[in-house]
Amino acid sequence: MTQTANTYDELSCQELVELVTDYLEGALPEELHTRFDEHIAHCTGCSTYVEQMRLTIAATGSLTLESISPEAERTLLAAFRDWKRSG
Ligand SMILES: [Zn+2]
């Protein structure tokens, strides 16, 4: 297996979840925005999460994380842990 060299640390799923509103606002620094894109390019869970956030924002016109219930967020993070349980 060949590992591609990265010049930056990969975002964790939890970091991505914390950054998603800034990402959708276009408020992330360019480097962080790129790292975010790299992550969702290969992480189906986060890609789906970002898409759901996009739809939530489109529906509510709001970028607040309050749009997502704490229960939904816990479920999501638990799913991330499950997917990554070997790592
Ligand atoms: Zn992820």
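Two aromatic rings of Phe, Tyr or Trp count as a pair here if their centres lie within 6.5 Å. With that in hand, a search through the whole structure, which is a predicted model, turns up one aromatic pair. That pair is made by tyrosine 23 and phenylalanine 36, and it is stacked. The protein around the pair has four helices and zero strands, and it also holds a zinc ion, coordinated by Cys13, His39, Cys43 and Cys46.

**The overall build**
- Going along the sequence, you'll read the pattern α-α-α-α.
- The protein has 87 residues, and buried ones make up 30% of them.

**The aromatic pair**
- The rings of tyrosine 23 and phenylalanine 36 sit 3.8 Å apart, centre to centre, with 10 degrees between their planes.
- Those planes count as stacked because the cut-off for stacking is under 30 degrees.
- Tyrosine 23 belongs to helix H1 (residues 13-25) and phenylalanine 36 to helix H2 (residues 30-42), so the pair links distant parts of the chain, 13 residues apart.
- Are these two residues buried or exposed? Both tyrosine 23 and phenylalanine 36 are buried.

**The zinc site**
- What makes the arrangement tetrahedral? The four donor atoms subtend angles of 105 to 113 degrees around the zinc ion, and that is why it gets the name.
- For reference, the ideal angle for four tetrahedral donors is 109.5 degrees.
- Along the chain, the zinc donors are spaced as C-x25-H-x3-C-x2-C.

**How H1 and H3 pack**
- H1 packs with helix H3 (residues 44-60) at an angle of about 30 degrees.
- The axes of these two helices are 10 Å apart.
- At that angle, H1 and H3 are therefore roughly parallel to each other, since the cut-off for that label is under 35 degrees.
- The H1 and H3 crossing is right-handed.

**A look at serine 12**
- You'll find serine 12 in the segment before H1.
- Serine 12 has a relative accessible area of 31%, so it is partly exposed.
- Which distances separate serine 12 from histidine 39? In sequence they are 27 residues apart, and in space they are 8.1 Å apart, C-alpha to C-alpha.

Technical notes: Residues numbered from 1 in each chain as written. Predicted model: local features only at pLDDT ≥ 70, side-chain atom pairs only at ≥ 80, totals over all residues. Heavy atoms only, no water. Donors = N, O, S within 2.8 Å, 3.2 Å for Na, K, Ca; no water. Tetrahedral: all angles 85-135°; square planar, octahedral: opposite > 155°, others 65-115°. Phe/Tyr/Trp six-rings, centres within 6.5 Å; stacked < 30°, edge-to-face > 60°. Buried < 20%, exposed > 50% of the residue type's maximum accessible area, 1.4 Å probe, protein only. Axes fitted to C-alpha atoms, helices over the stretch in contact; angles between N-to-C directions. Parallel < 35°, antiparallel > 145°, perpendicular 65-115°, else oblique. Left-handed = near helix turned anticlockwise from the far one by under 90°.
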